[in-house]
Amino acid sequence: MSHDAFAALRLRNFRYFLGFRLGLTFAAQMQAVFVGWQIYDITKDPLSLGLIGLAEVIPFISTALFGGYVADHFNRRRIVLLCGTLFALCSVALLLITMYVDKTLPHVELLFYAVIFATGIARGFLAPAVSALFGQIVPRELYLNAAAWNSNLWHVAAVAGPAIGGRIYGGFGDVPAYNVLIAISFLALGSMWMVPSYPLANTSTDESVFRSIYQGISFVVKNQVVFGALFLDMIAVLFGGVVYVLPVFAQEVLHVGPSGLGDLRAAPLYGSVLVGIYLAVRPPMKHAGWTLLTCVAGFGACMIAFALSASMTIGFALLFLSGVFDGVSVVIRATILQLMMPDEMRGRVSAVNNIFVNTSNELGAFESGVAARLLGLIPSVIVGGSISIASVIGTGMLAPKLRRLDLRALASHKPSPSAP
């Protein structure tokens, strides 16, 4: 039987789910460009860009594990709607700050950090609920196909958000840009309203909250394949990424404005979208472990080369290639997680995954700002890319099950909490 590249897209509820993901990701990426440009314009300090990530990651880490517990015990659709609404209201708050607060006041950037702190709380509960809901909407046999399309649409939004957002901000100003951001956020919520509620799997109600959370952590830590895949991504993003210092590259190295910054942020996402479409047609089933290791090493090498380039064209091309490598690894990791999560633990395991993966973005932002301050912009990126490559070598040696991973074999049996 031939592979149906559009199998998951034929599911009505999955299409509405993707509509929500598309809209909210688009809005979040636009917001990152706006806030990053505004804060650096106010402070002229790379460390202030790192503090954006720190302001979001602290509440995220504090709430993510509890968010996983909530996602396993309460209506996941309702959680997604509530948290999505909080994000939209945070966008409204950023608009009000932009319109009515004097940017020359001392420490005015603290107002932006406070709003980003609130979005971190929303993300802590939103992320595990979204991941768990994905596993309920899509049949198990379509996880790989659905993961590819989920990644594709996420990257489409992440490409369009910075690129279009940067042009709106640069061409029309900050207030119209935030108005567009708010409208998109509420359109995303409308799409989630079309997704029905799904019953929860049987979950024990007599265990404590902390015991329940511990079970999710234990499942991830004891599973060599899951832990190895998440560790690779965490190190690559924590040390190897350049996203949060791109405003510095845009202003001081490449000498481009907000539109150029939007293009740089979008470049890796263009690569991810194109490779994601390919993966929907030709999924990376066999030798998935070796493919994952190779792609993370390639990502680190691209970051080193980008730091050494001084051309917008070459830098864009290297960031594009890094997105190709990252797009492959994202689909493989997402498929591993969905295939190996027990149904009744999806929220908690997703929460642990989000702490590994998503917080590494914000902690990576802080690390990037600190490293740029201490080592200098270009040396800090070279060191980070080198650490990413070293993590591949170490993980390949210490996690043989991940190295030998075949997704076809993994898809042939259903996981259980007692057999990670």
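This is a predicted model: local features need pLDDT of at least 70, side-chain atom pairs count only at pLDDT 80 or more; totals for chains, interfaces and linings use all residues.

Visitor: What makes the protein chain as compact as a globular protein of its length?

Guide: The protein chain has 16 helices and zero strands. Its radius of gyration is 20 Å, close to the 22 Å that the globule rule gives for 420 residues, so the description as compact as a globular protein of that length applies. Of these 420 residues, 56% count as buried, that is, under 20% relative accessible area.

Visitor: Why is the pair of Phe14 and Phe17 called stacked?

Guide: Ring centres must lie within 6.5 Å to pair, and planes under 30 degrees apart count as stacked. The centres of Phe14 and Phe17 are 6.1 Å apart and their planes stand at 15°, so the pair is stacked. Because the two are three residues apart in helix H1 (residues 12-43), about one helical turn separates Phe14 from Phe17. Phe14 and Phe17 are both buried.

Visitor: What makes the pair of Phe14 and Phe134 edge-to-face?

Guide: An angle over 60 degrees counts as edge-to-face. For Phe14 and Phe134 the planes are 75° apart, with 5.9 Å centre to centre, and the pair is therefore edge-to-face. This pair links distant parts of the chain, with Phe14 in helix H1 and Phe134 in helix H4 (residues 109-137), 120 residues apart. Phe134 is buried, as is Phe14.

Visitor: How do you know that Phe14, Phe17 and Phe134 form a cluster?

Guide: Ring pairs link Phe14, Phe17 and Phe134 into that cluster. The count of aromatic pairs comes to seven.

Technical notes:
Residues are numbered from 1 along each chain as its sequence is written. Side-chain values use heavy atoms; hydrogens and water are left out. Helices (H or I, at least four residues) and strands (E, at least two) are DSSP runs, numbered from the N terminus. The radius of gyration is taken over C-alpha atoms; the globule rule is 2.2 Å times the number of residues to the power 0.38. Buried means under 20% relative accessible area, exposed over 50%, partly exposed in between (1.4 Å probe, protein chains only). Rings of Phe, Tyr and Trp (its six-membered ring) pair if their centres lie within 6.5 Å; planes under 30 degrees apart count as stacked, over 60 as edge-to-face and the rest as tilted.
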